[in-house]
Amino acid sequence: MPDSTVAPLLDVRGLVKTFPAPEGGRTRAVDGVSLSVPRGETYGLVGESGSGKSTLGRCVLRLTEPDAGTVLFDGRDVGALPPGSLRRLRARVQVVFQDPHGSLNRRQTVRDIVAAPLRAHGAGTAREREARVAELLDLVQLPAGVGGRRPRELSGGQAQRVAIARALALRPDFVVLDEAVSALDVSVRAQILNLLSGLQRELGLTYLFISHDLGIVRYMARRVGVMYRGRIVEEAPREVFFSAPRHPYTRLLLDAVPVADPARRRARASGAAPVTEAVAAGGCRFLPRCPVGAGRDLCATQDPPLQGAGSPPAFVACHYPGVNG
Ligand SMILES: Nc1ncnc2c1ncn2[C@@H]1O[C@H](COP(=O)(O)OP(=O)(O)OP(=O)(O)O)[C@@H](O)[C@H]1O
Ligand SMILES: [Mg+2]
């Protein structure tokens, strides 16, 4: 159980990020999100395509500037850091993306790819960097011989191990895993998840684990948050989240798994594409799809705030949490 007297490693408060929308105006990709992750734990972030998961991750990594809100890392406001400190802090927060091959430079050898962050941060001598690369390949359980290969000569699983080794090169304490296993075959996926769990224990890593796959999140995360159109609509400890979900959207997501047949799964995933209906004026953003709120005045006129209860707390943004539709 998280110790509430210890400051979380990551603390995001009221984060907002907007983009110009194709149809004019602005999309609120992240629309006032707060969350915190204690050191050594995994926070699982789920939600359908376009709900704002990656944008939130990019704001945490400072790959993109939020419009509003704060990101506290280890108690320090990342947005207010002078460039030198921001650079040092950047080394402590790393990312692994979905497409293992796409995220690796095709022309470089594995050794050069893994050494790149070390070179960029001027870490050690050439010989020390070489030793560190060997250590990193071993850490992600790749044979030393892989060091001389290029990305096209690697399997998907091997390429993702290289991406993980590169992310760990500067000894980060926080890693954003954005759909890091989504592109892999099921058997390889399990191996990479085991590797990530082992690395977390061994190195004391803290993860923000982004995925649209609830089965994987259940396996990896201590706390789970669901995003819907830029907001977290439910967040709870894993056991509570999966056994007693209270937001109608979370229930829809959970009803949707597991589906054994891959063809059916794909069909349904595409049915859950981004929503385009306008949010009811001032009302709940989930109302157009909600089986509970239809016809209820409160849902049509008031945006439900995210409210918490219990210890460790569970949060839900719904006027009728737990009510069956
Ligand atoms: N650079 C950008 N420019 C304009 N709009 C963007 C940009 N990045 C994201 N968006 C928009 O912000 C919203 C959230 O996108 P985001 O990629 O964060 O969603 P996601 O939850 O990660 O989706 P997925 O599961 O498909 O990865 C979407 O409407 C998207 O079109
Ligand atoms: Mg994404």
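Modeller: Ser54 has an N or O atom in its side chain 2.9 Å from an oxygen atom of ligand 1; a polar contact here is a pair of N or O atoms within 3.5 Å. This is a predicted model, in which local features need pLDDT of at least 70 and side-chain atom pairs count only at pLDDT 80 or more, while totals for chains, interfaces and linings use all residues. Residues are numbered from 1 along each chain as its sequence is written, chains are lettered from A and ligands numbered from 1 in the order written, and side-chain values use heavy atoms, with hydrogens and water left out.

Colleague: What about Ser49 and Lys53: how far are their side chains from an oxygen atom of ligand 1?

Modeller: For Ser49, an N or O atom of the side chain is 2.5 Å from a ligand 1 oxygen. For Lys53, a polar side-chain atom is 2.8 Å from an oxygen atom of the ligand.

Colleague: How much of ligand 1 does the protein bury?

Modeller: The protein buries 58% of the 640 Å² that ligand 1 exposes when taken alone; the areas are Shrake-Rupley values with a 1.4 Å probe.

Colleague: Which elements give two or more residues to the shell around ligand 1?

Modeller: They are β2 (26-37) and α1 (53-60), and α1 gives the most, with three residues. Elements are DSSP runs numbered from the N terminus, helices (H or I) of at least four residues and strands (E) of at least two.

Colleague: And which residues are around ligand 1?

Modeller: Among them are Phe19, Thr27, Ala29, Glu48, Gly50 and Thr55; a residue is near if one of its heavy atoms lies within 4 Å. The shell divides into two nonpolar, seven polar and two charged residues. In that scheme Asp, Glu, Lys and Arg are charged, Ala, Val, Leu, Ile, Met, Phe, Trp, Tyr, Cys and Pro are nonpolar, and the others, including Gly, are polar.

Colleague: Let us turn to the sheets. What is the order of the four strands in the open sheet with antiparallel pairing?

Modeller: The order is β2-β1-β4-β5, strands being paired if DSSP finds at least two bridges between them. β2 and β5 (76-77) are the edge strands, each pairing on one side only. Nine bridges join β1 (residues 10-20) to β2 in the antiparallel sense, with Val16 opposite Asp31 of β2. The helix α1 packs on this sheet and touches β1, β2 and β4 (68-73), its direction making about 120 degrees with that of β1. Contact there means heavy atoms within 4.5 Å, and angles run from 0 to 180 degrees between N-to-C directions of axes fitted to C-alpha atoms.

Colleague: What lies opposite Phe19 in β2?

Modeller: Thr27 does. The two strands β1 and β2 form a hairpin with five residues between them, and Gly24 in the turn has a positive phi of about 95 degrees.

Colleague: What is the pairing in the sheet of eight strands, and why is one side of β6 without a neighbour?

Modeller: The pairing is mixed, in the order β6-β7-β8-β3-β9-β10-β12-β11. β6 (93-96) and β11 are at the edges with a single partner strand each, so one side of each has no neighbour in the sheet. From one strand to the next, the twist averages 20 degrees.

Colleague: Finally, where is the cis peptide bond?

Modeller: It joins Ser311 and Pro312, with omega of about -5 degrees. Pro312 is in the loop between β11 (307-309) and β12 (314-316).

Conventions:
Polar contact = N/O pair within 3.5 Å; in protein donor to acceptor, adjacent residues only side chain to side chain.
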